[in-house]
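Please read them alongside the coordinates.

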Amino acid sequence: MSESLPAILLTVQLALVTTLILFVIGTPLAWWLANTRTRFKPIVEAVTALPLVLPPTVIGFYLLILFNPGSAIGGLWVRLAGDTLAFSLSGLVIASVIYSLPFMVQPLQTAFERVGQAPRDAAASLGASPLDAFVSVVMPLSLRGFITAGGLSFIHTVGEFGVVLMVGGNIPGRTRVVSIALYDHVETLDYASAHALALGLVAASLSVLVAVFLINRRYPVHAG
Amino acid sequence: MPDRTLDIDLDHRRGGFSLTGRASLPLSGVTGIAGPNGAGKTSLLRVIAGLDRTRGNTIRFDSETWQYDTAFLPAHRRRAPLVFQDSRLFTHLSVTGNLDYAGRRAAPGGHGPDRAELIDLLQLAPLMARRTADLSGGERQRVALGRALSAGPRLLLLDEAFSALDAGFRQNLLPVLRERLTHWQLPALVVSHSARELAVMADHVLPVENGRVGTLCPRDAWLAGSEGAGDTTGEPGAVLTGRITGHDARLHLTDLHIGEHRIALPGLTGLSVGREARLYVPARDITLALDAVDGLSVRNRLPATVAAITDRPDTAWCDVELEVARQRLCARITRAAAEALSLKPGDTVIALIKSASLAPRQD
């Protein structure tokens with residue numbers, strides 16, 4: 001088990017950073033989707049949902065090409081950070097953000113749509129600016145959406161495999177996450193270690209999901 | 001500052017709905033907004049509150065432009081809180097939290113009560129720690145009103161804000177609230193379908209019908225006009241002015257003199273003797289008798305002279321205009337009854353008043 005520790009720590013680190021970045025990116029995106037009247041909305045929604053249906057290898061393949069130091073983005077990153085995006089933790093974070101985006105955006109969008117215009121009108125009428133109203137009214141009323149989105153994004157990132165394999169490879173201590181370590185154990189017929197990791201993933205995923213559902217029960221829908 | 005006005009010039013078209021017309025509303029006292037359902041009363045308040053950005057409307061608050069062409073002052077900077085028909089309390093906050101929410105955002109220079117006065121006026125003390133989800137409709141309306149008054153308002157917008165209050169509480173609150181609004185120098189626009197509410201609250205009434213803003217008229221004229229109260233609310237009535245002359249603690253009645261005639265009304269014990277008071281008497285709550293009748297539960301009887309009788313075509317009703325102590329009263333009775341009594345102008349009758357609401361004078 002001790003040899004698995006670096007993979008576990010790396011996985012948790014990756015999932016935490018990814019979830020935090022997704023909160024920052026996903027909240028405004030979900031807010032925009034919940035409120036926009038543009039006719040391009042279905043297109044943006046479809047692009048956001050695309051990682052749900054695409055094979056992870058497809059996402060991983062395109063990201064790998066994008067991360068290539070010869071490409072514009074990959075090259076810029078090398079010049080700025082002094083390291084390549086491919087086969088690095090930074091590359092894994094970017095890949096995970098894209099891969100888990102729908103798990104952040106969709107619960108938030110649903111929550112924002114459920115809150116609706118009425119409490120925002122009330123807040124504005126009482127002197128709250130739109131940003132103030134978002135923080136003081138919409139966010140608390142969307143608490144369930146934030147809990148669901150955060151929990152799902154975290155655990156979905158923990159469970160990813162294909163994208164990581166394509167973009168990050170399998171570098172111990174650098175890009176080898178739990179799901180890939182498990183794959184290695186199976187390849188080398190080390191079933192004992194594979195069992196330990198597999199069971200650990202099941203337990204971790206179940207715990208997070210139970211926690212999400214429990215917390216959502218404790219905080220019933222406020223809006224309405 | 002008697003000359004301050006809220007000027008509106010509306011050319012509001014959205015989907016199949018339009019709201020047009022212009023009016024200049026006094027920024028003092030209470031202006032009622034009356035009209036049938038779907039006429040545009042709520043839309044008018046939303047435009048004034050800044051919750052509807054539809055182009056084509058012009059709103060000027062005294063010397064401030066709130067909306068003109070592309071210029072638009074956002075709702076949160078107008079300090080004109082709207083009390084919504086459905087209250088819209090913040091469900092993630094307690095009652096205290098809702099009041100604090102408004103209080104923290106109140107800008108200096110607004111008008112309104114302090115917290116203690118507010119709690120007393122709206123009887124909020126037992127509600128303060130409660131969750132908003134557990135409140136009844138009437139309790140929600142009280143909190144919503146309190147929240148708007150906590151926001152440091154310069155103009156109060158009320159959209160059927162008293163509809164869920166229980167009748168006894170409303171009867172007590174409206175005259176007192178009316179008086180406090182004057183005291184705070186806080187102008188208010190009150191949307192109501194109840195002529196009774198407007199009679200008690202409003203100084204002027206702006207009729208809105210079919211998406212058209214009508215002509216502002218003094219309340220008494222609106223109540224009397226068949227085009228106003230009668231047709232839009234189905235509840236015509238008239239206002240009688242009298243003086244409070246005493247309270248009967250045992251019977252919980254308040255004596256009121258109209259001219260030399262005395263009537264007694266319940267539920268007004270909070271008002272001091274000697275004050276002048278306005279009574280709103282709905283036309284349907286008046287029964288006419290040719291002679292003094294005994295053995296009736298209706299105790300308020302005023303001698304009156306028939307001034308005019310107006311048939312209401314295609315209905316069973318007619319409106320009898322009466323003169324009582326040099327004041328005007330309107331009774332709605334069936335045509336059959338009018339014919340049976342062979343009423344004609346100049347006849348002397350007894351007006352039996354079943355109920356009335358009180359509106360204190362504002363001065």
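**Notes on the two-chain model**

1. B:Ala325 sits in the loop of chain B that runs between β19 (317-324) and β20 (327-334); helices (H or I, at least four residues) and strands (E, at least two) are DSSP runs, numbered from the N terminus. Although B:Ala325 is not a glycine, its phi is positive, at about 45 degrees. B:Ala325 counts as partly exposed because it has 16 C-beta neighbours inside 10 Å; a residue is buried with 20 or more other C-beta atoms within 10 Å of its own, exposed with 12 or fewer, and partly exposed in between, the C-beta atoms being placed from the backbone.

2. The basis of the note should be stated. This is a predicted model, in which local features need pLDDT of at least 70 and side-chain atom pairs count only at pLDDT 80 or more, while totals for chains, interfaces and linings use all residues. Residues are numbered from 1 along each chain as its sequence is written, and chains are lettered from A and ligands numbered from 1 in the order in which they are written.

3. A positive phi also occurs at B:Glu160, with a value of about 50 degrees, although this residue is not a glycine. B:Glu160 belongs to the loop between β8 (156-159) and α5 (167-184) of chain B. With 19 C-beta neighbours inside 10 Å, B:Glu160 is classed as partly exposed.

4. Chain B contains nine helices and 22 strands. Its radius of gyration is 22 Å, close to the 21 Å that the globule rule gives for 363 residues, so chain B is as compact as a globular protein of that length; the radius is taken over C-alpha atoms, and the rule is 2.2 Å times the number of residues to the power 0.38. The C-alpha trace of chain B spans about 65 × 50 × 40 Å along its principal axes. Of the 363 residues in chain B, 44% are buried.

5. Chain B is divided into domain 1 (5-235) and domain 2 (239-360), with bounds that come from an automatic or database domain assignment. Taken over C-alpha atoms, the centres of these domains of chain B are separated by 31 Å.

6. Chain A has 11 helices and zero strands. Its C-alpha trace spans about 65 × 45 × 30 Å along the principal axes, and buried residues account for 41% of its 224 residues. Among contacts in chain A between residues at least 6 apart in sequence, 74% join residues at least 24 apart; two residues are in contact if their C-beta atoms, placed from the backbone, lie within 7 Å. The corresponding share in chain B is 68%.

7. How far apart are the end C-alpha atoms of helix α1 (residues 5-35) of chain A? They are 44 Å apart, which agrees with the 45 Å that its 31 residues should span at 1.5 Å a residue; the expected span is 1.5 Å times one less than the number of residues. In α1(A), a kink of about 30 degrees lies at A:Gly26, shortly before the proline A:Pro28. The bend at a residue is the angle between axes fitted to the seven residues ending there and the seven starting there.

8. A:Ala204 is found in helix α11 (residues 191-218) of chain A. This residue, A:Ala204, is partly exposed, with 19 other C-beta atoms within 10 Å. The C-alpha atoms of A:Ala204 and A:Thr110 are separated by 26 Å.

9. At the interface, 19 residues of chain B are in contact with 15 residues of chain A. The side of chain B that touches chain A comprises 12 nonpolar, three polar and four charged residues. Here Ala, Val, Leu, Ile, Met, Phe, Trp, Tyr, Cys and Pro count as nonpolar, Asp, Glu, Lys and Arg as charged, and the others, Gly among them, as polar.
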